[in-house]
Amino acid sequence: MAAQGKVDRVDVIVDQWSRERPDLPTEAMGIFGRLGRVAMLLEAAINATFDRHGLQRGEFDVLAALRRSGAPFELNPSVLAETMMLSRAGMTGRLDRLEGAGLVRRIADSADRRSVRVALTPSGRSLVDIVVADHVENEERLLSVLAAKDRRELDRISRLLLAGLEAGT
């Protein structure tokens with residue numbers, strides 16, 4: 001039942017199902033219940049960091065993709081959309097908001113005048129550098145409940161699960 005003698009909300013649900021349907025295996029239910037709760041709580045904590053800087057997560061993702069692309073911190077909007085698995089229309093909305101805030105600018109592509117590139121502005125670069133540092137600090141804080149060996153084990157297991165899911169298992 002509960003790990004280390006501590007009962008959580010998921011244990012209660014799993015125990016109820018075990019009582020009502022003893023024919024069902026409930027181990028996966030417990031794992032997915034906890035993963036779902038973890039994802040929900042992490043998302044809220046991570047989004048709070050972006051909110052403090054006046055950004056939505058998707059906007060941060062655009063700024064971060066441009067920043068980590070290296071100098072001159074420019075990408076084609078289609079490449080940005082593909083990188084973030086986003087429709088072109090969704091990308092256009094994000095770029096419009098970021099451009100309106102002075103964080104990115106659209107510039108003509110010197111290689112293809114029919115095309116544009118998206119570039120970080122100096123204020124966009126300054127902001128993303130501040131936000132990414134706060135974001136990483138927040139992630140470290142969120143994982144601080146785990147010992148280093150447990151973090152490595154969680155990384156190993158999550159890689160296995162992700163690879164299996166991405167392979168269609």
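This report describes helices, strands, loops and selected residues of the structure shown above.

## Basis of the model

The model is predicted: local features need pLDDT of at least 70, side-chain atom pairs count only at pLDDT 80 or more, and totals for chains, interfaces and linings use all residues. Residues are numbered from 1 along each chain as its sequence is written, and side-chain values use heavy atoms, with hydrogens and water left out.

Helices (H or I, at least four residues) and strands (E, at least two) are DSSP runs, numbered from the N terminus.

## Helix α2

Helix α2 covers residues 27-52, a run of 26 residues. From its first C-alpha to its last, helix α2 reaches 38 Å, close to the 38 Å expected at 1.5 Å a residue; the expected span is 1.5 Å times one less than the number of residues. Just after α2, glycine 54 adopts a positive phi of about 75°.

Gly30, Ala45, Ile46, Thr49 and Phe50 of α2 are buried. Here buried means under 20% relative accessible area, exposed means over 50%, and partly exposed lies in between (1.4 Å probe, protein chains only). The cover over the buried residues of α2 includes α1 (9-20), α3 (57-68) and α6.

Asparagine 138 lies in helix α6, which spans residues 122-143. With a relative accessible area of 7%, asparagine 138 is buried. Leaving aside neighbours within four places in sequence, asparagine 138 is in contact with Ala45, Ile46 and Thr49, contact being heavy atoms within 4.5 Å.

Histidine 135 is buried, at a relative accessible area of 9%. Not counting residues up to four places away in sequence, histidine 135 touches Ile46, Thr49, Phe50 and Phe60.

Two packed helices are described by the angle between their axes and the distance between the axes. Axes are lines fitted to C-alpha atoms, for helices over the stretch in contact, and angles run from 0 to 180 degrees between N-to-C directions. Angles under 35 degrees count as roughly parallel, over 145 as roughly antiparallel, 65 to 115 as roughly perpendicular and the rest as oblique.

The axes of α3 and α6 come within 10 Å and cross at roughly 105°, which makes α3 roughly perpendicular to α6. In this pair, Phe60, Leu63, Ala64 and Arg67 of α3 meet Arg125, Leu127, Val128, Asp129, Val131, Val132 and His135 of α6.

The axes of α3 and helix α5 (residues 88-100) come within 10 Å and cross at roughly 80°, so α3 is roughly perpendicular to α5. Gly58, Glu59, Val62 and Leu63 of α3 make this contact with Met91, Arg94, Leu95, Arg97 and Leu98 of α5. Leucine 63 and asparagine 138 are 75 residues apart in sequence and 18 Å apart in space, C-alpha to C-alpha.

## Strand pairing

Strand β1 (residues 74-75) and strand β3 (residues 112-120) run antiparallel and are joined by 2 bridges. Two strands pair if DSSP finds at least two bridges between them. In β3, alanine 119 stands opposite glutamate 74.

Strand β2 (residues 104-109) also runs antiparallel to β3, with 6 bridges between them. Aspartate 109 stands opposite aspartate 112 in β3, and a hairpin of 2 residues joins β2 to β3.

## Backbone features in the loops

Proline 72 is placed in the loop between α3 and β1. The peptide bond joining alanine 71 and proline 72 is cis, with omega about 10°. Phenylalanine 73 is found in the loop between α3 and β1 and has a positive phi of about 60° although it is not a glycine. Phenylalanine 73 is buried, with a relative accessible area of 11%.

Methionine 85 is placed in the loop between α4 (77-83) and α5. Methionine 85 has a positive phi of about 50° although it is not a glycine. At 79% relative accessibility, methionine 85 counts as exposed.
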